[in-house]
Amino acid sequence: MEKNFSLRELNTFGFDIRAKYFQELKSMDDIHELIENPEFRQTHHLILSGGSNILFSSEFFDGFVVYPNLRGIETLEETDETVKIRCYCGEVWKDFVDYTISKGLYGLENLADIPGKVGAAPVQNIGAYGAEVKDAIYQVHTIDLMTGNIRIFNNDECEFSYRNSIFKKYKSIIIFAVDFILKKRGNLKLDYGNIRNYLANKNITNPTLQDVAATVKAIRAEKLPEVGVVGSVGSFFQNAIVSVDKYHEIKMLYPDMPSYPVDTAKTSFRPERSAVEKSTALIKIPSGWLIDRAGWKGYRENHVGVWDKQALVLVHYGGGKPQEILDLMKKIQDSVYNKFGIEIKPEVNII
Ligand code: EPU
């Protein structure tokens, strides 16, 4: 266990946060030892993964930071159609995606280059370019740090939805491994945004798995700040979800506003819930567009700002304090509310 530990390398915003106590967990034995540790049991704690979706609101975390970092990838089962793979929580997500692509397995290609670790992927059901990780997850292995109970959640029990899962509710469980089910043959998802245009510009008419992953990586590199170079957490805000009435109201004023239907039927595997959700139609409006239209894109104030290629991303240029990001967040939320009457919510976990 370390004391007064710097988390600068463990939050992609790059703020110099100190934790009162810090412990890395490399094995199940480490986890069991922590559970027995009286210091841990008496102290407020936080489970930290890759730090790519977290904003510490103060520069001192007066508690115990637990950093699960179990490593390893195992093939569990192979059929003619699919392969089940177990990946431990500390593996770097983008390296794991590259590994599955090198094996010719379909399912994670649109999620290439997302920062963070495998153990955090189910928590917010990471998604990009028309795909969400929930569609490739078979089950999730967890251990409760208060009771030591191990529980395996099957896909349905994870209650996945847009940037959400049941794991956001549990503050004391560690996801120590995730089992994925990937396909040996698959349908590539090319319909999101400019994937097709990108491929066409490269004269690729019959794209492979590798082509799609390379395209996603290239589009991301154009739009998002490079992790480790400019401080950010990717999307800082969630996209807005509004009623059909609200959508029509804004669309009248801004006919070029992009929007997507909210795919509730697919985000829930429970028929009774999706029936209710389907009856209340909702529309997703990109918060990046709202923030852009409110005039914030490329804005900079001291050490922080709004990324000039994607307004959904707040950036820390170095030397700043978390409060500067929080102040900027508030100004943007107020401005979007005043212009469109829509409340945009942070996607990042604010601690
Ligand atoms: N847009 C603007 N101005 C901007 C940004 C976006 O007009 O500054 C418009 C775009 O032109 C487009 C629409 O908004 O019509 C959507 O933009 P984009 O395709 O870039 O995606 P997004 O909805 O802003 C989401 C995810 C990203 C993910 C991309 C691609 C969320 C909160 N964000 O962004 O995820 O990479 O789609 O799939 O859902 C992340 O979660 O950290 C993240 C980066």
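Me: What should I know about the model and the numbering first?
Reply: The model is predicted, so local features need pLDDT of at least 70 and side-chain atom pairs count only at pLDDT 80 or more, while totals for chains, interfaces and linings use all residues. Residues are numbered from 1 along each chain as its sequence is written, and side-chain values use heavy atoms, with hydrogens and water left out.

Me: OK, the ligand. Which residues come nearest?
Reply: Tyr129, Tyr162, Arg163, Ser235 and Asp292, out of 24 residues around the ligand. A residue is near if one of its heavy atoms lies within 4 Å of the molecule.

Me: Which polar backbone atoms does a ligand oxygen sit 2.8 Å from?
Reply: One belongs to Ser235, at 2.8 Å from an oxygen atom of the ligand. Another belongs to Ala311, also at 2.8 Å from a ligand oxygen. A polar contact here is a pair of N or O atoms within 3.5 Å; within protein, one must be able to donate a hydrogen and the other to accept it, and residues adjacent in sequence count only if both atoms are side-chain atoms.

Me: And what about the side chain of Lys297?
Reply: An N or O atom there is 3.1 Å from an oxygen atom of the ligand.

Me: How much of the ligand does the protein bury?
Reply: 83% of the 820 Å² that the ligand exposes when taken alone. The areas come from the Shrake-Rupley method with a 1.4 Å probe; for residues, only the protein chains shown count as cover.

Me: Which elements give two or more residues to the shell?
Reply: Strand 8 (127-128), helix 5 (209-223) and helix 9 (287-293). Helix 9 gives the largest share, three residues. Helices (H or I, at least four residues) and strands (E, at least two) are DSSP runs, numbered from the N terminus.

Me: Which domains does the shell draw on?
Reply: Domain 2 (73-183) and domain 3 (231-350) each supply at least three residues. The bounds come from an automatic or database domain assignment.
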